[in-house]
Amino acid sequence: MNNFFIPAPVLFALDRLHGAGYHAYVVGGCVRDFLMGRTPGDYDVTTSAKPEQTLAVFADCRVVETGLQHGTVTLVRDGMNIEITTYRVDGVYLDGRHPEQVTFTDDLAEDLCRRDFTVNAMAYSPEAGVIDYHDGLADMKNRVISCVGNAEQRFSEDGLRILRALRFSSVLDFTPDEECSAGVRTLAPLLDKISRERIYVELTKLLGGIAAPRILRGYPDIIARILPGLTEASAEQTAGRIERLRKFRETYEIPLDKKAADALHYALLFADADAKLCRRLMQSLKPSRDELSAVESVQKYGNAPETFAEKPLDYAVKLLMKAGGDDFPKRIALYRQALGTMDDRTAQEVIRTAEELREAGACVRLAELAVTGGELMPLGFAGPALGKTLNALLDRVMRGELANEREILLNAAEKERNG
Ligand code: ATP
Ligand code: MG
């Protein structure tokens, strides 16, 4: 494999380390992704150089000492962050979470042994080619997730690997091998000790993976385990919801950014929970404020019958744009469509209407109204009455009763004051 593409800044890092007499390879996810024809998200380098030596090699470059005690230095070059980590052996995991200590080593083989799955334990350099001591290539060909070494032992060292096995199966469309799958089931209680932030990262990737429906159906017990209060049935049903969401998006070619997709997946996973439980489950994962509110607002407007009931579609869509931004009606339509509470045709219509309204620059916010509070004051409006009048004008504009033009709005305000 000589035509392995490595971006210039990463090649620079490898060359520099080689030039200084150290061994250096790209390793882990980027090797796996490249061999599978996927675009690597980031490039990790593993090296025989000790952290201080790495720092010395890159003394004239921009580096961040991200995790010196774990042997990691980040090289920042041409807009890329390249994590350069010293070959290491992880010590015992007394708390099932963090290695008590890490020991640096001169041996690449030892570094590859500490890695979780065979497909994640390959290294590559242009000189040496692919280094594959654990038959990662064969497992990749068979589309199998297999632990490096004994599954039970590896899961016992770090319980997060249980969820990672499912995450990689979902994202890569692989299947855990028998030993791995058995380990996932028997050692699932270890997940209770894992930090919620780490669970959140893996679960989010799992839900977004191509094979998420298959994993949700195969391991609903694991999903319910990490989210106490969620039933296995809900986890299983989420599979069908995600399938409907995908099919609809593919059929009608509906783009969705990653953040919105993540929020939708969680909203669908928690669709059977009431607002209180949804909040508790979401908060237990330690999301950012934005991530939490994205999920909550989809649930709130997606579940409320009054969102679309008894009002023209056009007006309902505007209200959603006002509440959650231009893209919000789309998220609500996708959520409802996936749950089966809105038919495909209506969902499409909501999405198209939101697009048309955005393109037409429809007024859905006070800031977009053609009059300001300052302009109403000379007419005698002040205090709460002023706010009330502005909101009433906005509502009439949104309903299509008034054109969003200054004179028309001033006239309407005057009429209201007199009448
Ligand atoms: P992604 O493309 O999603 O980032 P990745 O394989 O790069 O996938 P990371 O979580 O970024 O996954 O980890 C980088 C590498 O570090 C892995 O490929 C694996 O070799 C190793 N690794 C990460 N977490 C663990 C862990 N908990 N136990 C053992 N090895 C791990
Ligand atoms: Mg990575």
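Biologist: To begin with, which residue in E5 is the bridge partner of Asp-44?

Modeller: The partner of Asp-44 in E5 is Glu-83. Before going on, I note that this is a predicted model, in which local features need pLDDT of at least 70, side-chain atom pairs count only at pLDDT 80 or more, and totals for chains, interfaces and linings use all residues. Residues are numbered from 1 along each chain as its sequence is written, chains are lettered from A and ligands numbered from 1 in the order in which they are written, and side-chain values use heavy atoms, with hydrogens and water left out.

Biologist: What makes E2 and E5 paired strands?

Modeller: Strands here are DSSP runs (E, at least two residues), and helices are runs of H or I with at least four, numbered from the N terminus. Two strands pair if DSSP finds at least two bridges between them. Strand E2 (residues 44–47) and strand E5 (residues 80–86) are joined by 4 bridges and run parallel, so they meet the criterion of at least two.

Biologist: How many bridges join E4 to E5, and in which direction do these strands run?

Modeller: Strand E4 (residues 72–77) is joined to E5 by 6 bridges, and the two run antiparallel. Leu-75, for instance, has Ile-82 as its bridge partner in E5. E4 and E5 form a hairpin with 2 residues between them, and Asp-78 in that turn has a positive phi of about 50°.

Biologist: Why is Arg-143 called partly exposed?

Modeller: Buried means under 20% relative accessible area, exposed over 50%, and partly exposed in between (1.4 Å probe, protein chains only). Arg-143 has 39% relative accessibility and therefore counts as partly exposed. Arg-143 lies in the loop between helix H5 (136–141) and strand E10 (144–145), with a positive phi near 55°.

Biologist: Is Glu-310 buried or exposed?

Modeller: Glu-310 has a relative accessible area of 85% and is therefore exposed. This residue is in the loop between helix H15 (289–303) and helix H16 (313–324). Its phi is positive, about 55°, although Glu-310 is not a glycine.

Biologist: Why is H12 described as oblique to H17?

Modeller: Helix H12 (residues 232–252) and helix H17 (residues 328–339) pack at an angle of about 125°, with their axes 8 Å apart. Angles under 35 degrees count as roughly parallel, over 145 as roughly antiparallel, 65 to 115 as roughly perpendicular and the rest as oblique; H12 is therefore oblique to H17.

Notes:
Axes fitted to C-alpha atoms, helices over the stretch in contact; angles between N-to-C directions.
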